[in-house]
Amino acid sequence: MTVQTPNGFTLDNSGRRIVVDPLTRIEGHMRCEVNVDADNVIRNAVSTGTMWRGLEVILKGRDPRDAWAFVERICGVCTGCHALASVRAVEDALDIRIPYNAFLIRQIMAKVLAWHDHVVHFYHLHALDWVNPVNALKADPRATSALQQSISPNHPLSSPGYFRDVQNRLKKFVESGQLGIFKNGYWDSAAYLLPPEADLMAVTHYLEALDFQKEIVKIHTIFGGKNPHPNYLVGGVPCAINMEGDMAAGAPLNMERLNFVKQKIDEAFEFSKNVYVPDVIAIGSFYKNWLYGGGLSATNVLDYGDYPTSQDDKSSDRLPGGVILDGKWEEILPVDPRNPEEVQEFVTHSWYTYGGGREDIGLHPWDGVTDSHFELGAGTKGTRTNIEEIDENAKYSWVKSPRWRGNACEVGPLSRYILAYAKNVPYVKAQVDDALDQFNHLAGTSLTARQALPTTIGRTLARALEAHYCAQMMVDDYDALIANIRNGDLATANVAKWDPATWPKEAKGVGLVAAPRGGLGHWIKIRDGRIENYQCVVPSTWNSGPRDAKGNIGAFEASLLGTPMVNPEQPVEILRTLHSFDPCMACATHVMSPDGAELARVTIR
Amino acid sequence: MLSKASSPYFGHNSFMFPDPLTDLASNDTTILVLGIGNILWADEGFGVRVVECLARDYVWPASVRLMDGGTQGLFLLPYLENLAGLIIVDAIDFGLPPATIHEVHGADVPATIGARKMSLHQTGFQEVLALLDLRGCSPRRLSLVGVQPVTLDDYGGGLTPAVAALVEKVGLRVLDLLRQDYGLDIAPVELGQQLPGLMAEAVTQAAYESGRPDAETACRHGDERLLARLKDAS
C-alpha cells in the first residue's frame, strides 16, 4: 500500500519486509523494520524504541536541587548534558543567576563533553559503517603514509613504520581469534568502498582517538571534583577558586590546574584539526556517490541554540537556535520552549496513554504525562512476546513523537550547522565551505552546501566540524575565565536561594542544552519545594520517534527512504544512516535487553 | 519529608577520585575496586552499592582505589589502564538461582561478562576490557565478584531484600581477595569516624531508596514485551 505523508514522503510497504533487531553499536536498544522494492531500495521504514524509560516518574517528590544526580544516571554517555539541563531548569524556575566564572566553567565542561562524545562516536560507533578493519590488513603501510601526508600534512604520526606497527598489532589481534570490537561487521559486503590504505589509516586513528579521549575528560575531574559522575550544583559549579592555593591533590582551582586545562584544550584542538575532520572528509570522498540519508534534514531542522558569549543574551549564541521548515534556509523561525503551542509530544503511535480520549493531542512538556500503555496493532505478525513484524498503523514504539507546531524536525549537529550556515555565522560558514572545497577536490565533485549537508555524510561531517568548533570555543572561554579571575572575581556559586524557604510556593522552569545528539530540554514544575512534574525531551526522541496523529514521519524513518541496499541480509546501509544520528536509545527509552545477542538478527519476509 | 539535598560544596577525596594531575601515573601500583551497574534499575545497582558500603565502613590505603563506575563504559578507560589489580563487583546473569554469589578470575572475567549480557553497561564494559587488551594495558590481575540478581525491571527501585542482604557479605569477600591476592589488610573505620562519601548524597542507597515516590505516583510496570521475553529465556 502506498501512503503519502503530510510532510512529503511516500511510504510503500508492499515489498519485502526486513527486520533488524537489535540495531548494534548504539547506546540502548532499538529495532528497525523496512520494506524494500524489487531493486532493494527502501520504500518504508519503521523505527521502534524497544525499551521503556520512566525517569520522569521517579523524580516526582524529590528535591529539585538533587535532580541532576539522578538524571546523570540515565545512561552511560549523556551524563553531563542531562545534569546541565537539570540545573539550568531549576535555576530558571527559581530565577537564580550563576556567577560569571561558573557560567564559563560550565561552558567549558559542556564543550569537553561534546568534543569527547563526537570523537568517540565517530571512531568507536560509526567508523565501522564506512571502514573495513579486515581490509586494513591488506594495506601497504607506505600508501597509508602517503595518504595521511596528503590529507593532513601537520599530523606528526605518519611514517610507514608507524602504520606497519599498527597493522602488525591488528593482525595479531585478529589472528588470535579475538576480533572483539571488530567482530560484528559485514566485512565481505560490497557496501564498503575504501581502499585498504584508507582503512588502515582510519583504524590507526581509532587507536589514537582512544589514547586521546581519556585525556580530555580529565578536565571534568578538575571542574567537577570527581569523575566518573562529575558533580553539578544548582547556583554555580562545585569547585572553589584560590589562585594562591597549595598544589596538593584535591585543592581548589589554582593556576597549575588551569594550565593543565589549557594544555588539554590545545591538544583537543590539534586532534580534531589534524585527525578527526580530515578523516571524515577523506573517508566521505570515497563515498561521493553515496549521497543518501538526508531525509528530514533537507526540509525541517530545529535547535534551541547554545554556547552564548554573554550570559544573559540569547542572541550571543555561537550556535544559534531556530527552526527551518520546508527547506527555506532564508527564513529562520524563532523557537520558544515556554510556548504551550510550540514543542509538544504526541503518543498516538507510542506505548503511552494520555487518558480520557486525548490520544491524538500533543502535550507541552510542562503538562507532559508519562503513563505507559503497551498494546499491539491487529496487523502485528508473531506473538506478543516474539514480534515478527510490527504494525506501524497502531502503537509501535516506547519513544514519544515530539513536534514543533505540529512539524516533525530533525535535531543534532547537522541541524545546528544548517541553522548556523543559513544564518551566516562566520566561523561555521568558513568551516563548511573549506570542508566542501577539500571534499570536492578529493572526490572530483562540485557539491554545494545545500546538496552535501542534508545527507548521511553531511550529518557525520557536521558532527566533526562541531567538535572542532567546540575546541575553538573552549580556547575563548578559557581566556575569558582567566581574564575574569585576574580581575579579582573568584565567585563560583550563588547560594542566596539555596534554602527552599526562599522559594515561591510554585515555580516552573526549562533548561536547554545543545547536547551532542541535538537540542535537549528538561522542563520542571516545583511545588512546595519538591518536584511536581519533570519531563525530558531528548534529542533521540525527536529523531527516532514514531509517526504522529497526522501521519508525519520522524527523522530516522525519513532518512532511510530511497536508499538502495547492496544486500538486504547485510543491512550496512541502514546501520550507516541510523548511526550517523548517534542514537542514544538509553535516553530516549530505557530498559535492558534480556538477551545477549550482539549481532543484529536480520529477518527477511 | 524532604531528603537532605546535596550540600553546595563537595569535599575532594583523592584516594577515591584520582587526581588527574598526579594520581593516574600511579595506576601500575594501584588496585581498583570497581562497582558497575545502573543504580536506577533495582538489583543492577548492586556493584555500586557494595563499593559505597566499603568506602563508608573501612579505612583505605593509598594503593587501593574505590570507584562507582556506574554505566560509564569508555569513560572508565583512564582509570583501568595498566592497573596492578582490578576487582569488579557487578550483578551478572550467571544462570544461577537468584541472589547467589559467584566469582570468576583472569581470562574468565571478560568471557563471563560477554556470555549472558542482560544490561547495557555490560556490553560497554566487555568492550572496555577488549580495548585494554588490544592496546596492551590490561590489569595484571583481574577478578569479578558478582551476584545473580532477583530483578532488574523495577525502574527507580532499589536493591531487592535478598540481594541487599548480600552487600556486606560480598564486601567482605572483596576484603578477602585483597588479603589473599595482594597481601593487604583493610581495617574498619573507628566508631563515629565520618569519611567523605563516594557519590552525591542524593543517590546514596539510603537517600535514594527512602525518597522513592509511591507506586500510585510512579508507575512500577516496565516493558511487558521484554519482560515476557526475559521469562521465556530463563
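Guide: A helix here is a DSSP run of H or I with at least four residues, and helices are numbered from the N terminus. The model shown above is a predicted one.

Visitor: Which residue just after α11(A) takes a positive phi?

Guide: That residue is Asn424(A), with a phi of about 60°.

Visitor: And α11(A) itself: how many of the residues in that helix are buried?

Guide: Helix α11 of chain A covers residues 413-422, and nine of its 10 residues are buried, so the helix is largely enclosed by the rest of the structure. Among the buried ones are Pro413(A), Leu414(A), Arg416(A), Tyr417(A) and Ile418(A).

Visitor: Where does Ser415(A) sit?

Guide: Ser415(A) lies in helix α11 of chain A.

Visitor: Why does Ser415(A) count as buried?

Guide: The cut-off for a buried residue is 20 or more other C-beta atoms within 10 Å. Ser415(A) has 31 C-beta neighbours inside 10 Å, and therefore counts as buried.

Visitor: Which residues is Ser415(A) in contact with, leaving aside neighbours within four places in sequence?

Guide: Ser415(A) is then in contact with Ser297(A), Val301(A), Leu302(A), Asp303(A), Glu410(A) and Gly518(A).

Visitor: How many Å apart in space are Ser415(A) and Leu104(A)?

Guide: From C-alpha to C-alpha, the two are 25 Å apart, while 311 residues separate them in sequence.

Visitor: Changing topic: at what angle do the axes of α6 and α8 of chain A cross?

Guide: The axes of α6 (residues 141-151) and α8 (residues 196-216) in chain A cross at roughly 70° and come within 8 Å. The two helices are therefore roughly perpendicular to each other.

Visitor: Which residues make that contact?

Guide: On the α6(A) side they are Pro141(A), Ala143(A), Thr144(A), Leu147(A) and Gln148(A), and α8(A) brings Glu197(A), Ala198(A), Leu200(A) and Met201(A). By class, six residues in this contact are nonpolar, two are polar and one is charged.

Visitor: Now the strands. In what order do β14, β15 and β16 form their sheet?

Guide: The three strands of chain A form an open sheet in the order β14-β15-β16, with antiparallel pairing. β14 (506-515) and β16 (530-537) stand at the edges with a single partner strand each, so one side of each has no neighbour in the sheet. From one strand to the next, the twist averages 15°.

Visitor: How many bridges join β15 to β16(A)?

Guide: Seven bridges join β15 (residues 518-527) of chain A to β16(A).

Visitor: Which residue in β16(A) stands opposite Lys525(A)?

Guide: Asn533(A) stands opposite Lys525(A).

Terms used: Residues are numbered from 1 along each chain as its sequence is written. Chains are lettered from A and ligands numbered from 1 in the order in which they are written. This is a predicted model: local features need pLDDT of at least 70, side-chain atom pairs count only at pLDDT 80 or more; totals for chains, interfaces and linings use all residues. Axes are lines fitted to C-alpha atoms, for helices over the stretch in contact, and angles run from 0 to 180 degrees between N-to-C directions. Angles under 35 degrees count as roughly parallel, over 145 as roughly antiparallel, 65 to 115 as roughly perpendicular and the rest as oblique. Two residues are in contact if their C-beta atoms, placed from the backbone, lie within 7 Å. Ala, Val, Leu, Ile, Met, Phe, Trp, Tyr, Cys and Pro count as nonpolar, Asp, Glu, Lys and Arg as charged, and the others, Gly among them, as polar. A residue is buried if 20 or more other C-beta atoms lie within 10 Å of its own, exposed if 12 or fewer, and partly exposed in between; C-beta atoms are placed from the backbone. Two strands pair if DSSP finds at least two bridges between them.
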